[in-house]
Amino acid sequence: MKPIKYAALLSMIALLSTLSALARDKNQHSVEISDSVQVGGTQLKPGNYKLEWQGTGPEVQVNFVRDGKTIATVPGTLKTNDPHVTQDVIVTDTTSANTKTLTEIDFSHNKESLVFGQSGM
């Protein structure tokens, strides 16, 4: 009976280790967007968004969540330990059609930045 208990205990430890690793790979930050901006094919209205992504990068899929609802999912590049990130910043670019496009979000606390593609410009 003891081998069965040990096997069950080892299985439980392995499962918890896997779940812990998955939880570590899910990242999120909150950001306040003050102006309407285009990201991917979606126009984001001003407001507070939670950004969520899985993995450690560099290529990630970023979910923009507002009021518990995913508003947009776009590809991004996660830069970590970026010495150029010294403050929280939202970087936009204005297209020739006068549309503000979200290009980067910096998070100074973690020295991270999310960079978004320039497609459609």
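Strand S7 (residues 89-94) and strand S8 pair in the antiparallel sense, over six bridges. In this pairing, Val 91 stands opposite Glu 104 in S8. The hairpin of S7 and S8 has five residues between the strands. Among the hairpin's residues, Asn 98 takes a positive phi near 65°. All of this is read from a predicted model.

Now step back to the whole chain. It has one helix and nine strands. From the N terminus on, the order of elements is α-β-β-β-β-β-β-β-β-β. The chain holds 121 residues, and buried residues make up 28% of them. Its accessible surface comes to about 7900 Å². Carbon and sulfur atoms account for 54% of that surface. Take the contacts with a separation of 6 or more: 40% of them join residues 24 or more positions apart.

The largest nonpolar core has 19 residues. Which of them touch the most other members? They are Leu 44, Leu 51, Val 62, Phe 64, Ile 105, Leu 114 and Phe 116.

Set aside its neighbours within four places in sequence. Leu 44 is then in contact with Ile 33, Asp 35, Ser 36, Val 37 and Val 39 on the one hand, and with Tyr 49, Phe 64, Ile 71 and Ala 72 on the other.

A pair of aromatic rings is described by the distance of the centres and the angle of the planes. The structure has two aromatic pairs. Tyr 49 and Phe 64 form one of them, with 6.4 Å centre to centre and 75° between the planes. That pair is edge-to-face. It links distant parts of the chain: Tyr 49 sits in strand S4 (residues 47-54) and Phe 64 in strand S5 (residues 59-66), 15 residues apart. Both Tyr 49 and Phe 64 are buried.

Phe 64 also pairs with Phe 116. Is this pair stacked, edge-to-face or tilted? The ring centres are 5.8 Å apart and the planes stand at 45°, so the pair is tilted. Stacked would need planes under 30 degrees apart, and edge-to-face over 60. Phe 64 lies in S5 and Phe 116 in strand S9 (residues 112-116), so the pair ties together parts that are 52 residues apart in sequence. Both Phe 64 and Phe 116 are buried. Through these ring pairs, Tyr 49, Phe 64 and Phe 116 are linked into a cluster.

Two further residues are worth a look. Glu 52 is found in strand S4. Is Glu 52 buried or exposed? Its relative accessibility is 13%, so Glu 52 counts as buried; the cut-off for buried is under 20%. The side chain of Glu 52 makes a polar contact with the side chain of Lys 50, at 3.4 Å.

Gly 41 is found in the loop between S2 and strand S3 (42-44). Its relative accessible area is 72%, so Gly 41 is exposed. Exposed means over 50%. Gly 41 and Val 74 are 33 residues apart in sequence, yet their C-alpha atoms are 8.5 Å apart in space.

Terms used
Residues numbered from 1 in each chain as written. Predicted model: local features only at pLDDT ≥ 70, side-chain atom pairs only at ≥ 80, totals over all residues. Heavy atoms only, no water. Phe/Tyr/Trp six-rings, centres within 6.5 Å; stacked < 30°, edge-to-face > 60°. Helix = DSSP H or I, 4+ residues; strand = E, 2+ residues; numbered from the N terminus. Buried < 20%, exposed > 50% of the residue type's maximum accessible area, 1.4 Å probe, protein only. Core = buried A, V, L, I, M, F, W, Y, C linked by side-chain atoms within 4.5 Å. Contact = heavy atoms within 4.5 Å. Areas by Shrake-Rupley, 256 points an atom, 1.4 Å probe, with all protein chains shown as cover. Polar contact = N/O pair within 3.5 Å; in protein donor to acceptor, adjacent residues only side chain to side chain. Pairing = 2+ DSSP bridges.
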